[in-house]
Amino acid sequence: MKDKVKLPIGIENFEKIRTEGFYYVDKTGLIRELLDSNIGCRGRHPYRMSGSAP
């Protein structure tokens, strides 16, 4: 049986995540890919809330 990985649920301290063996995936390279692509947030609008505001 494989060892279970420790997931850093609720842990905001990056140093603790790295030093205590929690599972971590570095996705910073995807930021450049997103910025260089035509996808992303451009041209999108947030969902409208139905009903009237107070």
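**A predicted chain: questions and answers**

Reader: Which residues make the nonpolar surface patch of about 540 Å²?
Author: In this predicted model, local features need pLDDT of at least 70 and side-chain atom pairs count only at pLDDT 80 or more, while totals for chains, interfaces and linings use all residues. Residues are numbered from 1 along each chain as its sequence is written, and side-chain values use heavy atoms, without hydrogens and water. A patch takes residues with over 30% relative accessible area and no salt bridge, joining nonpolar side chains (Val, Leu, Ile, Met, Phe, Trp, Tyr) within 5 Å and like charges within 9 Å. The patch of about 540 Å² is made by Val5, Leu7, Ile9, Tyr23 and Val25.

Reader: Is Tyr23 buried, partly exposed or exposed?
Author: Tyr23 sits in the loop between helix H1 (14–19) and helix H2 (28–36); helices are DSSP runs of H or I with at least four residues, strands are runs of E with at least two, and both are numbered from the N terminus. Buried means under 20% relative accessible area, exposed over 50%, and partly exposed in between, with a 1.4 Å probe and protein chains only. Because its relative accessible area is 48%, Tyr23 is partly exposed.

Reader: What percentage of the residues count as buried?
Author: The chain has two helices and zero strands. Of its 54 residues, the share that counts as buried is 4%.

Reader: Which residue forms a salt bridge with Asp36?
Author: A salt bridge is a side-chain nitrogen of Lys or Arg within 4 Å of a carboxyl oxygen of Asp or Glu, and the structure holds one. With the closest N and O atoms 3.4 Å apart, the partner of Asp36 is Arg32.

Reader: What kind of aromatic pair do Phe14 and Tyr24 form?
Author: The structure holds one aromatic pair, where ring centres of Phe, Tyr or Trp (its six-membered ring) lie within 6.5 Å, and planes under 30 degrees apart count as stacked, over 60 as edge-to-face and the rest as tilted. At 5.2 Å centre to centre and 75 degrees between the planes, Phe14 and Tyr24 are edge-to-face. The pair links distant parts of the chain, ten residues apart, with Phe14 in helix H1 and Tyr24 in the loop between H1 and H2. The answer is edge-to-face.

Key. Accessible areas come from the Shrake-Rupley method with a 1.4 Å probe; for residues, only the protein chains shown count as cover.
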